[in-house]
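Thanks for coming. I will go through a sheet and then a couple of single residues, so please keep the structure on screen.

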Amino acid sequence: MPKDLKIYRGYANQRKILIMGHVFEKSTPDIFKLDRKGWKHARQVFQMFRVKTLANISITISFGNIRQTTKTLDDGHFRVMIPYEKSLSSGWHTFKVTVNDEKQTLSKKGEFIKPYPGEYGVISDIDDTFLISHSNSFFKKLYVMLTKNLYKRKVFTGVVNHYRELEKLGREDQNKHNAFFYVSSSEWNLYNFISSFTDLHRLPKGVFQLKAIKNGLRDFIKTGRGDHQHKFYKIRHIVEFYPELQFILLGDDSQKDAQIYQDIIKIFPANIYAVYIRQTNQSKKGNIKKIIENISTLGVQALYFKSSKEAIEHSQNKL
């Protein structure tokens, strides 16, 4: 059976490298066509949720002198932790993944980042934090997904400038930057779209942590919905992976970001530096205001804001 391989950006610390990806059937339409319009775009979106993953497929990861062979999980995913004892420079590195198949030659290159030494890392939600998605309204969110292609989707005004400020926070050397992680309740099906969207709008290059891949029309209807606890576990893992960093967390009030971030702070009180929650309705939510007030009592800078201008001013004056 012909196969296809998708590799996601990975990350490393002083001792380990984490590599991620999927193996699909070759017929899987995993490449998002950026400029499709009308019904062609809608059809493309539906196709992204008709993927067929392949379980227990042998792959080999190559980096420097390392050769690590393993197999995909039941959902075709591989998430491989590789011990690495040698000195590794900070910044982005290239590796290769090969599918071990006698009938087909298939290998692709991927990237992972080792953060530059420094104080800060940044973890951001995606939908309605920087990408306007209307998560508060199921039908409006669905309409936007099906009718607006990559070039018609929008970011909030000023959000790119804010993220660029945070990328350089505390950095004297402009060639170095704070590592960015994008953690979302969107599924891996949407990786190509999200990655291309961040590139198009010149958001900081980062690592994506998305929800388990889906493969059906019913799953498409539920995209981005349901339990958001996976975001808690992904964020907890990132903070544990980089205990030397202080993190800035960005989210919005359309889901459970504030509650999740509050729990993360309680577990890692010395590792969270600031929290930003975007207001998505006309008025602020009372429960979110209470959480922000409580976060502030834990010694963490916190802001519940409507416009990115407020967030930029806060970052410039308070951080």
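S62 stands opposite K96 in β6. Strand β3, residues 58-63, and strand β6, residues 91-99, pair in the antiparallel sense over four bridges. Strands here are DSSP runs of E with at least two residues, helices are runs of H or I with at least four, and both are numbered from the N terminus. Two strands pair if DSSP finds at least two bridges between them.

A word on the source: this is a predicted model, where local features need pLDDT of at least 70, side-chain atom pairs count only at pLDDT 80 or more, and totals for chains, interfaces and linings use all residues. Residues are numbered from 1 along each chain as its sequence is written, and side-chain values use heavy atoms, with hydrogens and water left out.

Now the whole sheet. Seven strands form an open sheet with mixed pairing, in the order β4-β3-β6-β7-β1-β2-β5. Its edge strands, β4 (66-71) and β5 (77-83), each pair on one side only.

Next, Q209, found in strand β10, residues 206-211. Is Q209 buried or exposed? Q209 is buried, because its relative accessible area is 0%; buried means under 20%, exposed over 50%, and partly exposed in between, with a 1.4 Å probe and protein chains only. Q209 touches several residues, among them M20, Y182 and W188, not counting residues up to four places away in sequence. Contact means heavy atoms within 4.5 Å.

Last, A270, in the loop between α7 (257-267) and β12 (272-278). A270 is exposed, because its relative accessible area is 57%.
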